[in-house]
Amino acid sequence: MHYKIHAIDVKNALKNYIWLLEDTDTQEVVAIDPTEAGLVTDFCEQHGLQLKQIWLTHWHKDHTGGVEGLLADQNILVYGPRDELTKISFISNPLQNDDHFHFNDLKVEIIATPGHTLGHITYFIEKIETLFSGDTLFAMGCGRLFEGTAEQMYHSLNRLAALPIQTKVYCTHEYTLANAEFALTVEPNNVALQERMQQVKALREADQITLPSTIELELETNPFLRTESAEEFARIRSLKDQF
Ligand SMILES: [Zn+2]
């Protein structure tokens, strides 16, 4: 079994990436949080790939906007949060915490991470040490609390922090540089963070993607994963909201 993950840069104001998980033996793919249908169909056409599944982390339009267009003329399974069924049409396979399903020979496990939205879910695949974290865990940051409480998000992040440290983290947005700038105001003396800032700066200056991250790297440099209580988390989150 061989798998490969492609990034489609949506080049929108929100800096979304659409992740495509390819089974290189069959050229079948999963699209994760497809912002736009056209970008996915063009990519699949160019690379001879066949879209089989769509995975959604939460209902926000920049994560679900492409679903309807992708379903137009194909037989595709759409996985998404059961708790957001009223907000997302087209989910064929609703999921909740601790559910699992398969994409070819990969077992995909669901970790519910309420906070950014109440129904937000993430997709963990132990076999390829991969997490699709949506808008819960970002590189050196985390999603805004649009629906959930700081307490909920704190627990959600703790669950992700407990994954194997080598797990690669594919989040949805290229917010890494701005997150690093904020993180340095929280931990100006964190050497790992200072070094990462230099790497991220260089990547962005060369117009390169800064993802994926890893759980290990986030444990060393993400101030939101390094808090010791929900109260401390809430304080840093509100500082970031005003940053
Ligand atoms: Zn969102």
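**Close-ups of a predicted model**

**View 1. H58 sits in the loop between β4 (50–55) and α2 (61–64).** Helices here are DSSP runs of H or I with at least four residues, strands are runs of E with at least two, and both are numbered from the N terminus. This is a predicted model, where local features need pLDDT of at least 70, side-chain atom pairs count only at pLDDT 80 or more, and totals for chains, interfaces and linings use all residues. Residues are numbered from 1 along each chain as its sequence is written, and side-chain values use heavy atoms, with hydrogens and water left out. Is H58 buried or exposed? With 0% relative accessibility, H58 counts as buried (buried is under 20% relative accessible area, exposed is over 50%, partly exposed is in between, with a 1.4 Å probe and protein chains only). Its side chain makes a polar contact with the side chain of T57 at 2.9 Å. A polar contact is a pair of N or O atoms within 3.5 Å; within protein, one must be able to donate a hydrogen and the other to accept it, and residues adjacent in sequence count only if both atoms are side-chain atoms.

**View 2. UniProt's unreviewed entry puts the feature "binding site" at H58, H60, H116 and D135.** These four span 78 residues in sequence, yet no two of their C-alpha atoms are more than 10.0 Å apart, so they gather at one spot. UniProt positions follow the numbering used here, feature names are shortened, and annotations may be inferred rather than shown by experiment.

**View 3. D135 lies in the loop between β10 (130–134) and β11 (137–138).** D135 is buried, at 4% relative accessible area. Its side chain joins that of H58 through a polar contact of 3.4 Å. Leaving out residues up to four places away in sequence, D135 touches several others, among them H63, H120 and H173 (contact means heavy atoms within 4.5 Å).

**View 4. D98 has a positive phi of about 75°, although it isn't a glycine.** Look for D98 in the loop between β6 (93–95) and β7 (100–103). D98 counts as exposed, at 56% relative accessibility.

**View 5. N104 also isn't a glycine, and its phi is positive at about 50°.** N104 lies in the loop between β7 and β8 (106–112), and is partly exposed at 36% relative accessible area. One of the residues that touch N104 is E28, found in strand β3 (residues 28–32).
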